[in-house]
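Subject: Structure handover

Hi,

Here is the structure I promised to pass on. My notes follow below it, with the cut-offs included so that you can check them in your own tools.

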Amino acid sequence: MNNDSKKAVVYVRLKDGVLDPQGITIQKALVQMGYKDFLSVRSGRFFELEIKADSADIDRKVDEICSKLLANPVIEKFEVEKK
Amino acid sequence: MKFGVVTFPGSNCDYDAYAAVRHILKEEVEFLWHKSEDLKGCDVVVLPGGFSYGDYLRAGAIARFSPIMNRVIKFASAGGMVIGICNGFQVLTESGLLPGALIRNTHLRFSCKFVNLKVENNATPYTSACRRGEIIRIPIAHGEGNYYNFVGDIKALEDSGRVVFRYVNSRGEAAIEANPNGSINNIAGIINEEGNVLGMMPHPERAVEDILGSADGLKVFESIRAACASLLNTVGGK
């Protein structure tokens, strides 16, 4: 990683109430494996972004790429973690 | 009239759509390359099935930002006819031309089989060759065809007759066992408010002659031709 860069991590999750067939299947697999403590699983994904250190207005830009591309606002929500 | 079939990297039903139009419907058709912004004077744009950009990120999410889609979105916004089939439907919801989203099938499997579709609305440019309530048989082939939207938006779609196709059993009932992917209300295809953009998960282009198992899909293409013909007549032709 370039020393002149910043990092941000974007977490994309399904909105509450949106069906997550993968999460449900994973939870069922856990139960089948004997792990009966796990009541539900919600899946999601994350993106690590490397950003030019001298970027201007980067919060807005990160927000923009999240709602335009990384997440689908109809079904997903996102959180940004700056490093 | 002329059809345009978009080819994205990863499209795999573009040739099927092309062949259906050219050889069965016997109308003019051209491929539209994803990097181009030229619709080549086409009267209707087909966004075909497949796995555009490998379905990376979300199905249709990357294709939506391709140069040709910039042009297609403008074309649709100006009233141009656009039909998205399968991955094309996913591209349409991602681009905001149609509401809602297509998520993973509830059973998580890729489903490839013939289904019965009820034509809920035949007063559209894509279904005028069908009777209202007619059951047509065409195939599906998708892993992410589970139509999702918020309760209020579903109600709005239903109340305004914008649910065009629904998965049904042989008796025409939208039963749970007839739902191949978990779509809310067994929704298989919807149309936008203006009535010029249709998205459907099933593949009409794969059912255009009896040797393919059904010719019911041809009705969608015949409807489009009729709609274009009347449109061209009203505006004085080209």
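The buried residues of H3(B) are Asn87(B), Gly88(B), Phe89(B), Gln90(B), Val91(B), Leu92(B), Thr93(B) and Glu94(B). With 8 of its 8 residues buried, H3(B) is largely enclosed by the rest of the structure. Buried means under 20% relative accessible area, exposed over 50%, and partly exposed in between (1.4 Å probe, protein chains only). Helices (H or I, at least four residues) and strands (E, at least two) are DSSP runs, numbered from the N terminus. After H3(B) comes Gly96(B), with a positive phi near 80°.

Before you read on: this is a predicted model, where local features need pLDDT of at least 70 and side-chain atom pairs count only at pLDDT 80 or more, while totals for chains, interfaces and linings use all residues. Residues are numbered from 1 along each chain as its sequence is written, chains are lettered from A and ligands numbered from 1 in the order in which they are written, and side-chain values use heavy atoms, leaving out hydrogens and water.

Now the largest pocket, which holds about 480 Å³ of space. Of its 25 lining residues, Gln22(A), Arg45(A), Glu76(A), Arg58(B) and Glu144(B) are the closest to its centre. (A pocket is an open set of points on a 1 Å grid over the protein atoms alone where a 1.4 Å probe fits, with protein on both sides within 12 Å along at least five of seven lines; lining residues have an atom within 4 Å of a point. The volume is the space filled by probe spheres set on the points, which are joined across faces, edges and corners.) Helix H3 (87-94) of chain B is one of the elements that supply at least two residues of this lining.

Which residue forms a salt bridge with Arg58(B)? That partner is Glu76(A), the closest N and O atoms being 3.6 Å apart; a salt bridge is a side-chain nitrogen of Lys or Arg within 4 Å of a carboxyl oxygen of Asp or Glu. The pair crosses between chains, with Glu76(A) in strand E3 (residues 76-82) of chain A. Arg58(B) is buried at 8% relative accessibility, and Glu76(A) is buried too, at 9%. Arg45(A), Glu76(A), Arg58(B) and Glu94(B) are linked in a network of salt bridges.

In helix H4 (residues 151-159) of chain B, Asp159(B) and Lys155(B) lie 4 residues apart, about one turn. Their salt bridge has its closest N and O atoms 2.6 Å apart. Asp159(B) is exposed at 56%, and Lys155(B) is exposed at 51%.

Best wishes
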